[in-house]
Amino acid sequence: DIQFADAEDGHDFGGCRRRYYRHSLLLLRQAVRTWAGESPPVDFVLQLGDSIDGQNARRGESESALRQVLEVLGQLPVPVHHAWGNHELYNFSRARLVHTGLYSRPAGGSDGPADRECHAYHCSPAPRLRLVVLDTYDVSTLGTDPGSPRYQESLRLLREKNPNEDLNSPEGLKEPYFVAFNGGFSQAQLDWLDEVLKFSDENQEKVIVAAHVPIHPGASNGVCLAWNYEAALSVIHSHGCVVCVLAGHLHDGAYCLDTHGVHHLTLEGVIETPPDSNAFGTVHVYEDKMVLKGRGRIPDRVMPF
């Protein structure tokens, strides 16, 4: 969660957490310099969503803010895989995001769901290793034409679970994650994921899943959680290949090892990281474990398979 904006420092929606909008770009540059100097060299970079802040839309600076972030990431000679977060969708429609540098789904049609606006896809960055990027706003009111079936169905689901006047408020909700700044998975995306994981099972691959919104309550604060996280977990747990789920969205970060042996790691946000620290890491993948070498707020972590 870089959430860059060319703006003075501010605070989160609760007014108590400082956000370093302008400085987040400097922290990104530090991360890129570190990755560029890694030995052995990194194979790819994951940007887990919310690359720019929603206030850019109000300021008319969405395009320029995104260009600055992508220019820094573009200094890397390796692929950058992007998850879409709520702040991307505050700035751009889904239809527009398809035509930006945040659309990292490959040009071919066989790597993701039939819906090209669904930013889910998979690739194999190394033998017997597969990366799956999920779209946790496939079902969402964000970035979608209010007259579209996607919007209408998403709003119906949200209002069914959240009677609050402010749909971003979890106050009094039995399921507090049914707020507008979260989203969920369509059945088509879940069916596609099931097929991808079936392939990985059959080919004895290890799978790393990346998404913006956490999909396990243990890697969440109970609010920052995908609407139908249980459906996503059910698909993942019906296969043996997934070893780790990486997410953002919750700026405090979180971690849990679930009952099926899957690691769920939610990374701390850059946007709330003081200028004298940072929030990124390098993951080294081995046959039997992943080792995270964290920087700044990100702690080191060993995740055995």
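Tyr121 stands opposite Val133 in β6. The model is predicted: local features need pLDDT of at least 70, side-chain atom pairs count only at pLDDT 80 or more, and totals for chains, interfaces and linings use all residues. Residues are numbered from 1 along each chain as its sequence is written, and side-chain values use heavy atoms, with hydrogens and water left out.

**Strands and hairpins**

Helices (H or I, at least four residues) and strands (E, at least two) are DSSP runs, numbered from the N terminus. Two strands pair if DSSP finds at least two bridges between them. In general, strands of a sheet pair through backbone hydrogen bonds, either parallel or antiparallel.

Strand β5 (residues 121–126) and strand β6 (residues 129–133) run antiparallel and are joined by four bridges. They form a hairpin with two residues between them. Arg128 is found in the loop between β5 and β6, and has a positive phi of about 65° although it is not a glycine.

Seven bridges pair β11 with β12 in the antiparallel sense. Within this pair, Ala279 stands opposite Gly296 in β12, and Gly281 stands opposite Gly294 in β12. A hairpin of three residues joins the two strands β11 and β12. Four bridges pair β12 with β13, again in the antiparallel sense, and Lys289 has Pro304 in β13 as its bridge partner. The hairpin formed by β12 and β13 has four residues between the strands.

**Helix packing and a cis peptide**

Two packed helices are described by the angle between their axes and the distance between the axes. Helix α1 (residues 23–36) and helix α3 (residues 62–73) pack at an angle of about 15°, with their axes 9 Å apart. The two helices α1 and α3 are therefore roughly parallel to each other, a term for angles under 35 degrees, while those over 145 count as roughly antiparallel, 65 to 115 as roughly perpendicular and the rest as oblique. The crossing in which α1 passes α3 is right-handed; a crossing is right-handed if the near helix is turned clockwise from the far one by less than a right angle, and left-handed if anticlockwise.

Pro40 has its place in the loop between α1 and β3. A cis peptide bond joins Ser39 and Pro40, with omega of about 0°.

**Pockets and cavity**

On a 1 Å grid over the protein atoms alone, a cavity is a set of points where a 1.4 Å probe fits but cannot get out, and a pocket is an open set with protein on both sides within 12 Å along at least five of seven lines; lining residues have an atom within 4 Å of a point. Grid points are joined across faces, edges and corners, and a volume is the space filled by probe spheres set on the points. Ala, Val, Leu, Ile, Met, Phe, Trp, Tyr, Cys and Pro count as nonpolar, Asp, Glu, Lys and Arg as charged, and the others, Gly among them, as polar.

| Space | Volume | Lining residues by class |
|---|---|---|
| Largest pocket | about 1,000 Å³ | 32 nonpolar, five polar, seven charged |
| Second largest pocket | about 530 Å³ | seven nonpolar, eight polar, six charged |
| Largest cavity | about 40 Å³ | seven nonpolar, three polar, no charged |

The largest pocket is lined by 44 residues, of which Phe44, Leu46, Gly281, Thr282 and Val283 lie nearest its centre. Elements that each supply at least two residues of this lining include α1, β3 (45–47), β5 and β12 (289–296). The largest share, seven residues, comes from β11.

In the second largest pocket, the lining has 21 residues, and Asp12, Phe13, Arg19, Phe181 and Cys224 lie nearest the centre. Helix α4 (residues 86–91) gives the most to this lining, with three residues.

The structure holds one cavity of 30 Å³ or more. Residues lining the largest cavity include Pro214, Ile215, His216 and Ala219. β8 (242–247) and β10 (263–266) are the elements that give two or more residues to the lining of this cavity.

Key
Axes fitted to C-alpha atoms, helices over the stretch in contact; angles between N-to-C directions.
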